[in-house]
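Please read it alongside the sequence and the coordinates.

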Amino acid sequence: MLSARVMLGRSSLKTAAAKALGCGIRRTGGLTVQLQQHRQFHRQLGPISSVSSMRGILPAGARVVPVSTKESVQYVGRRGFSGAQVHQSTNDAVEAASSLARTGAKIDVKKVLVVGSGGLSIGQAGEFDYSGSQAIKALKESNIETVLVNPNIATVQTSHELADHVYFAPVTPQYLAQIIEKERPDAIMLAFGGQTALNCGVQLDKMGVLEKFNVRVLGTSVRTLELSEDRDLFANALKDIDIPVAQSTAVNTVKDALAAAETIGYPVIVRSAYALGGLGSGFAANESELHSLANQSLSLCPQILVEKSMRGWKEVEYEVVRDAQDNCVTVCNMENFDPLGIHTGDSIVVAPSQTLSDEEYHMLRTAAIKIVRHMGVVGECNVQYALNPESLEYCVIEMNARLSRSSALASKATGYPLAFVAAKIGLGWTLPELQNSVTTTTTACFEPSLDYIVTKIPRWDLSKFNHVSRDIGSCMKSVGEVMAIGRTFEESLQKAIRSVDPSFAGFAPLAGFMPESEAELDEALRNPTDRRLFYLAYAMISRGYSVDRLHEITRIDRWFLHKLANICSVHKALSDPHQTLQNLGRTQLETAKRMGFSDLQIARLLSGTKQSAAVGEDDVRGLRKQFGLRPFAKRIDTLAGEFPAPTNYLYTTYNAATDDVPFNEHGTMVLGSGVYRIGSSVEFDWCGVSAIRALRQLGHKTIMVNYNPETVSTDFDECDRLYFDELSYERVRDIYEMEQSGGVIVSVGGQLPQNIALRLHQKQVNVLGTSPEKIDAAEDRHRFSQILDSIDVDQPAWKELVSVEDAEKFADSVGYPVLIRPSYVLSGAAMNVAYDAQSLRDNLVLAASVSPEHPVVVTKFIRGARELDIDAVAYRGELVTHAVSEHIEDAGVHSGDASLILPPANLTPEVMQRVKEIGAKVAHAFAISGPFNMQIIMQQGGTPDAEPLLKVIECNLRASRSFPFVSKVLDTNFVDAATRAIVGESVPQPNDPMKDCEKRPYTAIKVPQFSWTRLAGADPFLGVEMSSTGEVACFGKSPEEAYLVSLLSTNGFRLPVPGKAVYIGIDDLTDSRIVRKVAAHFSRAGYPILTDSKATAELLSEEGTNSVKHVGVVVFDYDNRRTLRDAVFDSNIDLVVNLAKRRPTDKANPNYAMRRMAVDFGISLVNDQRCAEMLVDALDALPDGAATALYGQQKLNLLTPVDVKSWDQYLKMRN
């Protein structure tokens, strides 16, 4: 047996207690099992009667802060945070040590700046809200004043409850320098804001800001960050300690990249330095592919690494924690289901690893600790390896010396709060001084052992984008991920598959992904796509592919394939023509449930093509309950039963015989948002957390159900019980019945909980708040429109249609354009604007087959109208509070992609009152108790003096994605009020925060964050279907000021450098007044104006207002990627303004090519005419010669055009 011990190294902890601490791990059946217990450590530590007697076991020079009583400790971020259940430690030694760690920092810091990650984007998403929130909790618990910089207003970390000072400001070195000068923090934390924060920290160090203001970097040093990020320096550092790395060369030009590949030999992989999520990375099999890839990569980052490809090797990852005293543990190791070649963010990941031998496991563990020590990491990091499956040959792929996506996954997989511990380590505490938050009786200096298995599967939304390849590789494309916990791989995998999308039954063939020929199927298996798992299911179940054959094609380890074969065996048995529900035995049903099959999945297999009556999900549930089969609730146990684990962190499994918890709390269930996807993201996690906190304030026991590892709501210190499990009808009923819950809240988790609300209600589940029958009426486009007619609320002309011919007749009668609106959709899925009969026919096909079974509502689309959002809370049909936001873009841009102004800048008090009245009518008609949101079109009346027409286009009887935005701007927590209305307790009195809103001394604007650079080929075009992955929002003294700062807060936008060119494109629907105004502004400011057509040049130079004298015409050969980059950079273009309004049908469209060129070469893009006008208005509104102070020196206003203020400063301006 190999012993894996915690390596204390040359620590000043020289006591026998510290020396006795060991973590022996043996890998048995793929699961790690704890062998050597921690009891020895605690026995030798012995009982401690006072804090003063702890001095002997603390490192030399440690500062001891007396704690008089337990009551004097501020329990924030432990069990007691926000009122969560407190489990006091029963080990006096551990309790004394951890109490000490809660009282402050060992190093002399009183104020710390935490750098956030900004808007959610592919490669940098909600995991940093979780890690940042953990870090702030750790600081707050230590009584340290915190300053947070993060423009992502939807996050939990930007709530009042956490940081002392919040800046909704761009996360750039220049703005951070301003904030440092203003706040004068003692220290800065860079490890909790992803790649964005890390890059800013490195730049601040180079600029001399940190040294000038005596700001120390807590945790890992800047030098270590630079070593880990610079691929060449990192490779050389590992060679110093004989750790193998891939043969590679760092280059800065395309020419050098080609030369390096010639030396290394094709195929090669290109990796980018200082880039997140594999941005700019990819494989190249020949010179042509490398030339194109290197061109694009070098336009996004300054350095790339050309490496020998090791496609087909295993990819393994270790999460490592090290403190400043050299205590070092590997908290979690994970293995990719897919072989090397797919970015780990796009791969299925399993924890702990399942296919490594004991020798392989310890070889890589030892190497990880060696690397982390050599690099000088202080805190948390991960090390990724490529491992040859045929030998012990391995090499390091990369190391992230910061919290990452994998860190959040590892934290949720093990229950070990990596970010919290890393923050405490940054304050000078050591691992033996910190408490294991799961057992509460052992220290954080241990390596978790699991008696369960975790599976992570990514979520892609590639079908939302035109011209995007479904292929996945070394550049990440997924927008979110799910995590499932089970006692077997089969159970865990199938739970995870269903969590990705409710339409996925489990591991089974998927319609539309069943190639007819074996050649096509082999190709689909060989070249990974976002649907590869379903191709595997089809090959195994329908085409009879063997494990060996699939291994040869895919290089997926045989262990995983054999496990898939187990699922297939049950699948085939259930779908046997002779198998019916009536002759299904208890053993067969129990086997299926232990393999992770859902009731619905079993029902469909039993129905199949058989002649007997169809079997329903509830039929299977009835039989299951008749047999006494139900899932058991198990605790997350990080010591595999060696110590009691009094945690509230739970999951359900059929591979058990007892429950780990008594069901005597009867808590209120809150259903979370599930996987992050386009249309449902971190804003709903904020809503869920806010609802949980409000319930606890009301004295309710709380139960959170969610399966998203990136969220704060799945942090087990936020609720009384956390079920990390599916949000399906089946599982929610199971938990509801086990817990004998007092009720379920479905209106704070976005669309997913709403979709099961009616079925739960019909089965006597107590759905709290607005009736699910009313929710269903609002979701059904036809019924909703009828109700609006009945209460005299106007709406655009509409008709429910079941044939293409009917749709064409309706469009002819009301006139084009028309909007196609399917029912029950999220984020505008399949919604489109049709400008003529041909586009109407094309879009109806996309919306679904137009038949009596799948009707769609077609409405008149109103051009040039403005759109308003109303977010509101009602109680028993009466309005409690509301907010009205105004879109900058014209109607026709999805509200999730629109820029919102709050308070509105262009609405009269009369219009505001009419909007409120509409909200009150709708609240009454649907008897709303809880949150709701509406979109309203504001159309100019028939005459200039006429009142504008207000028409409702959509209503959701749930919290919306703009609830965090309006709550924080108006300083009124809408979800808190909604939760009180839902449960009918302490409901606030009606109030109108919009009253006299025009007198507010500040404005906030929320703008979307896009991830176009990740999605090769995607058209950066705004329409009625949502495509943004996140949002940011900033405040300003005027709308123009707020918009400019918000725009600069998005990832990828910067103001053009004076003297560089602005490239303009339009189509026949573009407003000529606006494009002339935009061109004239930049021309006056000294920017050369270029366009792609003579006609556009003539339009811009026509005599009259805003005429541009000199307009150049530049036409690029977009098809020649080899010459395009040089041509674009020779033209000196630094901003692309493409205001075309027609969605292109193919890639040949010049406006598509122009927009895509901007994204591919890292050039700022403005793609909406109202936003372009707002941008030039904002620039015009800047004072002449405006400049801002940057640590005492005047500088140009290009990077920091607006002075920065904290959230509190803006709120205080109201007084």
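The model is predicted, with local features requiring pLDDT of at least 70 and side-chain atom pairs counting only at pLDDT 80 or more, while totals for chains, interfaces and linings use all residues. Residues are numbered from 1 along each chain as its sequence is written, and side-chain values use heavy atoms, with hydrogens and water left out. Helices (H or I, at least four residues) and strands (E, at least two) are DSSP runs, numbered from the N terminus.

**Pair α16 and α17**

- Helix α16 (residues 518–526) packs against helix α17 (residues 532–542) at an angle of about 140°, and their axes are 9 Å apart. Axes are lines fitted to C-alpha atoms, for helices over the stretch in contact, and angles run from 0 to 180 degrees between N-to-C directions.
- The two helices, α16 and α17, are therefore oblique to each other. Angles under 35 degrees count as roughly parallel, over 145 as roughly antiparallel, 65 to 115 as roughly perpendicular and the rest as oblique.
- Their crossing is left-handed (the near helix is turned anticlockwise from the far one by less than a right angle; clockwise would be right-handed).
- L521, A524, L525 and R526 of α16 make the contact with R532, Y535, L536, Y538 and A539 of α17, where contact means heavy atoms within 4.5 Å.
- Seven of these residues are nonpolar, none is polar and two are charged. Ala, Val, Leu, Ile, Met, Phe, Trp, Tyr, Cys and Pro count as nonpolar, Asp, Glu, Lys and Arg as charged, and the others, Gly among them, as polar.

**Pair α18 and α19**

- Helix α18 (residues 547–554) and helix α19 (residues 558–574) have axes 10 Å apart and pack at an angle of about 135°.
- The crossing of α18 and α19 is right-handed.
- On α18 the contact uses V547, D548, L550, H551 and E552, and on α19 it uses R558, L561, H562 and A565.
- By class, this contact has four nonpolar, two polar and three charged residues.

**Helix α28**

- In α28 (residues 804–814), A807, E808, F810 and A811 are buried (under 20% relative accessible area; exposed is over 50%, partly exposed in between, with a 1.4 Å probe and protein chains only).
- E805, K809, D812 and S813 are exposed on the other side of α28.
- G815 follows α28 and has a positive phi, near 90°.

**Helix α26**

- Six of the eight residues of α26 (residues 772–779) are buried, so α26 is largely enclosed by the rest of the structure.
- Those buried are P772, I775, D776, A777, A778 and E779.
- Their cover includes α25 (751–762), α27 (781–790) and β33 (949–956).
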